[in-house]
Amino acid sequence: MLSIDHYLILSLALFTIGIIGMLTRRNVLVMLMSIELILNAANINLIAFSRLHGSVDGQVFVLFVMAVAAAEAVVGLSIILAFFRKRETVDSDEMDLLKW
């Protein structure tokens, strides 16, 4: 049986990979995937502590976080698709279109 330490180590690894992806990549699609990794790391923490305390509150909260993450992915991908049609690139350095 896995202890909470295993879940926390997995969550730390996912969070670290997500942060590194956010800081080092310029591709907006990779940045969105990195945000999803960070949210999944938080979800693993919520489920691990929910299991540790014997309640389902954390698991219910994970469902809400997943719904918000899905909505964020849809809106983000639609903005990226519109930007790609306009500029033919998804490089974050080129995204000055939304500036005044």
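Let's start at asparagine 43. Asparagine 43 sits in helix 2, which covers residues 28–53. One thing to keep in mind throughout: this is a predicted model.

Is asparagine 43 buried or exposed? Its relative accessibility is 6%, so it counts as buried. The cut-off for buried is under 20% relative accessible area. And what does asparagine 43 touch, once residues up to four places away in sequence are set aside? Val62, Val65 and Met66.

Now zoom out to the helix pair. Helix 3 takes in residues 57–87. Helix 2 and helix 3 pack at an angle of about 175°, and their axes are 9 Å apart. That angle makes helix 2 roughly antiparallel to helix 3. What kinds of residue form this contact? By class, there are 15 nonpolar, five polar and three charged residues.

Stay on helix 3 for a moment. Helix 3 has 31 residues. At 1.5 Å a residue, helix 3 should span 45 Å. The C-alpha atoms at its ends are 44 Å apart, so the model agrees with that expectation.

Which residues of helix 3 are buried? Here is the list: Gly58, Val62, Val65, Ala69, Gly76, Ile80 and Phe83. Helix 2 is part of what covers them. Look back at asparagine 43 here. Val62 and Val65 are among the residues it touches, and both are on that buried list.

Next, the end of helix 3. Lysine 86 lies in helix 3. Lysine 86 has a relative accessible area of 61%, so it is exposed. Where is lysine 86 relative to glycine 54? The two are 32 residues apart along the chain, and their C-alpha atoms are separated by 51 Å.

Then comes glutamate 88. Glutamate 88 is in the segment after helix 3. What is its phi, just after the helix? Positive, at about 60°. Most residues other than glycine have a negative phi. Glutamate 88 is not a glycine, yet its phi is positive. Glutamate 88 is also exposed, because its relative accessible area is 64%.

On to the other end of the chain. Isoleucine 4 lies in helix 1, residues 4–24. What does isoleucine 4 touch, again leaving out residues up to four places away in sequence? Ala48, Phe49 and Leu52. Take alanine 48. Isoleucine 4 and alanine 48 are 44 residues apart in sequence. In space, C-alpha to C-alpha, they are 6.2 Å apart.

Finally, the whole chain. How many helices and strands does it have? Three helices and zero strands. From the N terminus on, the order is α-α-α.

What about overall dimensions? Taken along the principal axes, the C-alpha atoms fill a box of roughly 50 × 25 × 20 Å. The radius of gyration of the chain is 17 Å. A compact globule of 100 residues would be near 13 Å.

How much of the chain is buried? Buried residues make up 22% of the 100 residues. As for contacts, consider those between residues at least 6 apart in sequence. Of these, 53% join residues at least 24 apart.

To recap. Three helices, zero strands. Helix 2 and helix 3 are roughly antiparallel. Asparagine 43 is buried in this predicted model, and glutamate 88 is exposed.

How values were computed. Residues numbered from 1 in each chain as written. Predicted model: local features only at pLDDT ≥ 70, side-chain atom pairs only at ≥ 80, totals over all residues. Heavy atoms only, no water. Helix = DSSP H or I, 4+ residues; strand = E, 2+ residues; numbered from the N terminus. Buried < 20%, exposed > 50% of the residue type's maximum accessible area, 1.4 Å probe, protein only. Contact = heavy atoms within 4.5 Å. Axes fitted to C-alpha atoms, helices over the stretch in contact; angles between N-to-C directions. Parallel < 35°, antiparallel > 145°, perpendicular 65-115°, else oblique. Nonpolar A, V, L, I, M, F, W, Y, C, P; charged D, E, K, R; others polar. Expected span 1.5 Å × (residues − 1). Rg over C-alpha atoms; globule rule 2.2 N^0.38 Å.
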